[in-house]
Amino acid sequence: MTVIPGSAGWYLRRLSRMGPAEVAGRVGDTVRRRRWRSAPPDSPGVTGAGFTAVLPAGTIASLPPDAVKRLVAEADRLMDGHAEFFGVVRDDLTDPDWFLDPKTGRRAPAGYAFDVPYRSEDAVGDIKQIWEPSRHQYLTVLAAAYAVTGNERYAERVAGHLRSWWAANPPLRGVHWISGIELGIRLLSWVWIRRLLDGWPGAAGLFEDNPVALHQIWHHQRWLAAFPSRGSSANNHVIAETAGQFAAACAFDWFPQSGRWRADALRSLDRHLRGNTYLSGLNRELATEYHGLVLELGLAAVAEADAAGVPVPASVHLVLLRMTDALAAVVDNRLRPPRQGDADDGHGLVVDGPGTDRWGSLLATGDAVFGRQAWWPTVTGTDVRTPLLAALVHRAERSVTRPAERPAHLADAGMTILRGPGEIWCRCDGGPHGFLSIAAHAHADALSVEVRHDGVDVLADPGTFCYHGQPEWRQYFRSTLGHNTLQLDGTDQSVSGGPFLWTRHAHSRVLKADPARWSAEHDGYQGSVHRRQVELNADSQELTIVDEVRGPRREVRLAFHLGPAVTAELVGSRARLTWTRDGEDRSAVLDLPGQLSWGAHRGETEPPLGWYSAGFGRKEPSTTLVGTGSSTGTGSAGGADGFTTVLRFGG
């Protein structure tokens with residue numbers, strides 16, 4: 001059943017996931033929105049403002065030449081008006097329409113911000129396509145290009161676009177004043193734009209000497225102070241809100257409220273970083289890209305604090321350190337992390353060109369800020385962002401116990417990584433369904449596995465693809481059938497109440513986890529328990545997966561999604577897999593449970609099956625192998641040994 005956000009049923013389900021404090025807070029938000037409609041707050045007059053949070057001398061000169069080359073090439077492409085957002089190529093960025101969705105051709109309506117039905121693609125268009133350019137992260141790239149070249153055409157383009165945006169988006173009017181995460185990330189972009197333009201003669205006239213800019217900066221911070229994400233929504237959004245608020249209150253310390261905003265934002269950032277992060281260091285949303293987003297935002301906030309001389313609680317540094325170590329623990333040999341949960345290509349700070357490895361960049365920054373452990377993977381790539389952030393951070397030795405060896409099992413998050421020769425990497429998922437009562441960015445993927453060989457997706461997590469406007473695709477990519485796990489009676493393990501809402505969560509528990517073996521079970525199917533065991537034999541390069549269903553007889557579908565680079569020849573219950581890596585042919589054999597009837601699916605649409613999404617807004621056909629049959633109803637499916645799957649590399 002598809003539940004439409006904004007419908008009466010959706011509101012009732014959403015309300016059921018809130019506690020009393022959250023309900024009271026949201027009632028207060030509603031009252032404030034109504035009051036601001038007729039009497040919006042006034043920004044104070046500011047005189048004598050100055051910008052002192054500049055980069056230390058020599059920082060720009062120290063940037064790696066190859067990273068600078070990529071940056072300038074991207075800036076030149078932007079100057080020609082070319083950009084791509086979520087798979088949609090745009091050629092209008094010389095003079096952008098801030099309200100146009102190029103995918104549908106629709107323009108978001110004007111009017112009071114909180115009246116805009118932003119969840120409706122029919123009324124607004126694809127909101128992600130409209131919001132993304134207004135995070136102004138492409139402007140941070142142009143500002144960085146000015147900083148490294150001194151060419152004023154980049155600075156002038158940035159100034160023109162900011163003035164255009166400020167004129168088109170007065171406070172509380174239109175779609176760009178609806179979502180706090182957008183305001184927070186936009187503030188962080190403005191801080192870095194001002195910093196990177198510091199050598200340009202027009203920088204002060206664009207920011208601190210510009211009443212329009214002061215008005216916008218004040219209203220962004222006033223909005224964030226008034227409407228924080230709360231309760232069941234206090235996930236990565238609240239981190240972006242508080243990081244942006246804190247950065248602006250440090251760098252743009254020009255208003256009577258700046259000190260209070262700064263203190264409140266830092267207190268909130270500290271609390272929510274701890275609340276959003278397991279002690280192992282993994283983000284509690286169990287959505288890897290949001291781990292990256294939160295880590296980027298946290299590191300940027302620490303850099304602003306140090307640049308402003310604002311003390312940061314040790315707990316903030318500890319969380320970010322643990323997050324960095326956790327990232328180092330779970331990446332494969334090509335520095336690719338798991339593709340777990342939702343992913344929308346969100347970044348905290350963008351100053352690099354395409355081709356820069358996001359995860360290598362984060363590990364490089366972690367090394368610069370905290371120091372690397374001996375077991376960390378080697379980072380060979382370069383980036384612009386790491387030396388910029390490192391130049392602001394005051395690195396200090398901290399007496400903190402860190403893992404002496406690379407963790408294979410992050411118990412609180414239920415994630416286990418099995419590694420073998422030939423760069424075999426296998427992620428096993430036995431963790432919680434998601435974070436908070438709505439588990440907004442979770443997928444129904446309990447006990448799923450993800451297998452790579454030398455960084456190539458062999459058994460792949462298909463990804464996310466979309467959030468709004470295409471409910472059948474949103475439902476597929478977060479479904480149980482859309483993952484490498486077992487489905488019973490054609491239903492998901494957890495019950496969806498909307499595109500960012502789960503009303504019943506499957507509960508998993510890990511039974512065994514060591515470097516070569518893992519087993520876990522979940523109770524998502526009422527009356528039955530799905531148990532899975534995974535074993536990696538390093539000598540034979542074999543991965544064995546055994547699935548059991550304990551309970552009454554049930555209809556079974558077992559899915560294995562192959563990566564887009566992998567081709568499959570299926571004969572009976574055996575599939576021969578082939579792919580190419582760096583010009584070399586690779587292969588494997590997948591022996592599937594003979595008790596099931598197997599078929600190959602690729603690029604099907606009614607209903608969707610056989611797809612892979614490499615990034616938000618993009619999808620491509622890939623092969624999915626699905627076995628259908630039934631459990632025996634005798635306590636163990638398929639006989640005493642269950643449904644057994646064996647993946648042999650080099651076969």
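Me: Which side chain meets Asp 92 in a salt bridge?

Reply: Arg 90 does, at 2.9 Å, N to O. The general idea: side chains of opposite charge can pair when their charged atoms come close. A salt bridge here is a side-chain nitrogen of Lys or Arg within 4 Å of a carboxyl oxygen of Asp or Glu. By this rule the model holds 46 salt bridges. Keep in mind that this is a predicted model, where local features need pLDDT of at least 70, side-chain atom pairs count only at pLDDT 80 or more, and totals for chains, interfaces and linings use all residues. Residues are numbered from 1 along each chain as its sequence is written, and side-chain values use heavy atoms, with hydrogens and water left out.

Me: Is Arg 90 buried or exposed?

Reply: Buried means under 20% relative accessible area, exposed over 50%, and partly exposed in between (1.4 Å probe, protein chains only). Arg 90 is buried because its relative accessible area is 3%, while Asp 92, at 25%, is partly exposed.

Me: Which residue meets Asp 345 in a salt bridge?

Reply: Arg 618, at 3.7 Å, N to O. This pair links distant parts of the chain, 273 residues apart. Asp 345 is buried at 19%, and Arg 618 is partly exposed at 35%.

Me: What does the side chain of Arg 186 make a polar contact with?

Reply: The side chain of His 220, at 3.0 Å. A polar contact is a pair of N or O atoms within 3.5 Å; within protein, one must be able to donate a hydrogen and the other to accept it, and residues adjacent in sequence count only if both atoms are side-chain atoms. Arg 186 has 0% relative accessibility, so this residue counts as buried.

Conventions. Helices (H or I, at least four residues) and strands (E, at least two) are DSSP runs, numbered from the N terminus.
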